[in-house]
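Please keep the sequence and the structure in view while reading.

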Amino acid sequence: MMQKTIKRIGVLTSGGDSPGMNAAVRAVARTAQHFNMECIGIRRGWQGLINSDFVILDAAAVRHILGLGGTILYTARSDEFMTEKGREKAVGTCKMLGLDGIVAIGGDGTFRGALELSRLGVPVMGVPATIDNDIGCSNYTIGFDSACNTAIDCIDKLRDTMQSHERCSVVEVMGRNAGFLALYVGIAVGATAVLVPEREVDFEEDVVERIRQARLSGVTHFMIVVAEGAGSAIEIGAKIKEAVGIDPRVTVLGHIQRGGAPTGRDRETATRMGYYAVKAFAEGRSGSVICTQDGKITEIPIEEALKMEKHLQMYRYEILEAISSPRGLK
Ligand code: F6P
């Protein structure tokens with residue numbers, strides 16, 4: 001979409017937070033200054049745009065936030081923005097503040113909001129950020145690497161005590177309806193089994209038999225990683241107890257995976273994505289999501305981006321099967 005010269009932009013974070021959102025906010029604010037634009041932070045996501053809840057993001061305001069977890073702009077999921085009236089109010093705020101464009105940092109829900117706003121004539125750019133890595137248009141989403149590393153660190157600690165007590169651990173990781181986080185983490189911790197929503201679970205084959213095989217090959221502690229979308233770790237723990245006669249300890253990692261300082265990968269990716277979102281505005285483009293595809297940054301129109309699907313890389317599952325639970329005894 002071609003548009004008038006952009007002089008002032010807004011930036012917001014919306015939906016579930018993820019480590020690296022602050023790095024993206026900083027990159028947007030600093031790049032805006034680089035291109036002689038002013039930058040306004042909209043607080044509390046789309047709801048903040050409705051309520052005219054903002055903060056000026058000059059150079060000082062984004063100093064020292066590159067490595068901070070969470071989001072200094074706060075985040076929210078807004079029901080009001082889902083209504084026509086709410087969106088009209090949001091457009092009113094853009095007019096009042098003289099915003100020529102908005103950079104929206106978040107996941108699919110954030111981009112659905114961005115699409116609606118762009119249909120009302122407000123130029124928008126999207127930046128994908130979610131620990132779930134479940135955005136179809138982009139290979140990578142800001143926060144995934146940090147969340148993986150947090151989960152890996154927690155599971156390594158769990159493993160120590162599971163090893164001492166010769167126990168079985170069932171760990172539930174986040175991911176909403178996707179298994180990207182669980183599979184990546186499962187490979188990185190050498191899990192006995194990983195359950196993901198993308199693959200139908202055969203409890204006997206995928207869990208019980210793997211624990212047996214591991215035991216028969218000399219292993220005395222077991223690590224089962226469950227994606228939250230694949231079932232409840234508590235229920236899986238109870239089923240293991242019944243089937244194998246061991247008493248697993250269950251841990252739901254939960255929101256701890258969303259916190260903490262972003263990793264180098266997340267800081268760098270967030271900085272690149274934030275930069276390219278603003279550069280697009282500076283060059284007269286809008287209406288797209290900044291994506292990574294094969295390591296390169298691309299712009300994909302929001303409507304198209306929302307229709308794209310990303311599938312779990314099943315070759316990763318095969319690698320896990322081959323390495324974590326070899327069937328050497330068969
Ligand atoms: O999308 C990020 C995520 O952390 C999911 O993994 C999880 O299912 C969900 O958000 C939890 O949402 P809330 O923070 O509203 O509990």
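Glutamine 47 is part of helix 2, which covers residues 45-51. Helices (H or I, at least four residues) and strands (E, at least two) are DSSP runs, numbered from the N terminus. The model is a predicted one, in which local features need pLDDT of at least 70 and side-chain atom pairs count only at pLDDT 80 or more, while totals for chains, interfaces and linings use all residues. Residues are numbered from 1 along each chain as its sequence is written, and side-chain values use heavy atoms, with hydrogens and water left out.

Is glutamine 47 buried or exposed? Glutamine 47 is buried, because its relative accessible area is 19%, and buried means under 20%, exposed over 50% and partly exposed in between (1.4 Å probe, protein chains only). Apart from neighbours within four places in sequence, glutamine 47 is in contact with Ser78 and Glu80, where contact means heavy atoms within 4.5 Å. The side chains of glutamine 47 and serine 78 are joined by a polar contact of 2.5 Å. A polar contact is a pair of N or O atoms within 3.5 Å; within protein, one must be able to donate a hydrogen and the other to accept it, and residues adjacent in sequence count only if both atoms are side-chain atoms.

Four strands form an open sheet with parallel pairing, in the order 7-8-6-9. Strand 7 (193-195) and strand 9 (249-252) are at the edges with a single partner strand each, so one side of each has no neighbour in the sheet. Strands pair if DSSP finds at least two bridges between them. Strand 7 and strand 8 (residues 222-227) run parallel and are joined by three bridges; leucine 195 has valine 226 in strand 8 as its bridge partner.

A separate pair is formed by strand 10 (residues 288-293) and strand 11 (residues 296-301), which are antiparallel over six bridges. Here cysteine 291 stands opposite threonine 298 in strand 11. Two residues lie between the strands of this hairpin, and aspartate 294 takes a positive phi near 50°.

| Residue | Polar atom in | Distance |
|---|---|---|
| Glycine 175 | backbone | 3.1 Å |
| Histidine 255 | side chain | 3.0 Å |
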